[in-house]
Amino acid sequence: MHFPRAPPIYVCEEVNKIMKILIIGNMGYVGPAVLRELSARYPSAVLHGYDTAYFAHCLTGTHYLPERHLERQFYGDIRAITSGMLEGYDAVVQLAAVSNDPMGSRFATATGDINHRASVSIAKAAAQAGVRNFVFASSCSIYGVASGPPRCETDAVAPITDYAKSKVHTEEDLTKIETDMVITSLRFATACGMSDRLRLDLVLNDFVASAISQGQITVLSDGSPWRPLIDVTDMARAIDWAVQRPADNGGRVLSVNAGANSCNYQVRDLAMAVAEALPGTTVDINTEAPVDSRSYRVDFSLFERLAPDHQPQKALSHSISGLIEGLERMEFADTEFRSSSLVRLHVLQGHIDEGRVTEELRWQRPQKTLERSQS
Ligand SMILES: NC(=O)c1ccc[n+]([C@@H]2O[C@H](COP(=O)([O-])OP(=O)(O)OC[C@H]3O[C@@H](n4cnc5c(N)ncnc54)[C@H](O)[C@@H]3O)[C@@H](O)[C@H]2O)c1
């Protein structure tokens, strides 16, 4: 694959230097928030996107295509990225992934190939191409079963799922690359909030969708498990910090929990907060359920110290009200939403069932080097 010559590089006034950023996996749930944040922060910077577009059609209540924030959108599989494609970029943000536990277990081989091996290969290619900052979207799920005090970066990881293992293996291999490139693995809390490509396969988003469509939230556990949450807009703020991070702020290679200490919630509290925002919602908690071992609290103090100006800002109540507004804008009322295009596993399975994508998550027809340039 050969990309055409890049457009002129603009000067970023805020940092008084040339800035050119590639966001890989930009057409998912988190990507649109990242494009909005980076284009607002650096209006003169050149932003490019690269994605294979599994979910490009899953737009949710937006008034414009989120990729309008980019100078260019490239379409391709990350397993085909080479060093030549990354020349000229100051920063590369790697979001592309088979991005949750159910998909990781359904597509275990592709999860290892895409999340781990391709991510490491891209980082090596970026280092070779002279990229200054590489940002990898990792996950707090690497702590696995973690009862006891909140987990911090020096604690042992205990990944249970293929998805979480792929993140651990990537982080490990990123430390072995011999380069001057600054590498940041952001171990994100569970995402929540409205997006131009909304997902309802996330705990808070699911609760809001259930409350709106059914007037009821069913908590399958006894509600006691802990989950740290972060709004997608705050994920984007953390990424903004990481694309500019100097090596002397945290070390050349850094893995850091991304979220806020105040945003560790018990699942029943999330359900009650949604019910409070949508009066009339009933909350059904299974008090008889065996204790759910997937419970963990996370310590975000390191992130607070290193990134004081990029701390999460969105309160839980604002994430909930944003979801309510967004779903109302979509005229959402689907009681069967768990088998709709708002759930990623369902979308990928649909591509496979209809012969568009293989079990290895490759498009059946070789993807043309599609590119859309803004003018
Ligand atoms: N959503 C969360 O709760 C959460 C939490 C922690 C970390 N993360 C991480 O953040 C990143 C972004 O998450 P998201 O919620 O936007 O995921 P998403 O599934 O909504 O989007 C991922 C994007 O990557 C693209 N992609 C996947 N495989 C690809 C391939 N082989 N080639 C090219 N593009 C490919 C998809 O088309 C999609 O647009 C992921 O790495 C995810 O693991 C997400």
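**Exercise 1.** Is Trp363 buried, partly exposed or exposed?

*Solution.* The model is predicted, with local features requiring pLDDT of at least 70 and side-chain atom pairs pLDDT 80 or more, while totals for chains, interfaces and linings use all residues. Residues are numbered from 1 along each chain as its sequence is written, and side-chain values use heavy atoms, without hydrogens and water. The classes are buried (under 20% relative accessible area), exposed (over 50%) and partly exposed (in between), with a 1.4 Å probe and protein chains only. Trp363 has 24% relative accessibility and so counts as partly exposed.

**Exercise 2.** Classify the ring pair of Tyr54 and Trp363.

*Solution.* Rings of Phe, Tyr and Trp (its six-membered ring) pair if their centres lie within 6.5 Å; planes under 30 degrees apart are stacked, over 60 edge-to-face, the rest tilted. Here the centres are 6.1 Å apart and the planes stand at 35°, so the pair is tilted. Tyr54 lies in the loop between β4 and β5, and Trp363, 309 residues apart, in the loop between α10 and β17. Tyr54 is buried, at 10% relative accessible area. Tyr54, Phe55 and Trp363 form one aromatic cluster.

**Exercise 3.** Describe the crossing of α7 and α9.

*Solution.* The axes, lines fitted to C-alpha atoms over the stretch in contact, come within 10 Å and cross at roughly 55°. That makes α7 oblique to α9, since angles under 35 degrees count as roughly parallel, over 145 as roughly antiparallel, 65 to 115 as roughly perpendicular and the rest as oblique. In contact (heavy atoms within 4.5 Å), Leu270, Ala273, Val274 and Ala277 of α7 meet Leu316, Ile320 and Ile324 of α9.

Technical notes:
Axes fitted to C-alpha atoms, helices over the stretch in contact; angles between N-to-C directions. Helix = DSSP H or I, 4+ residues; strand = E, 2+ residues; numbered from the N terminus.
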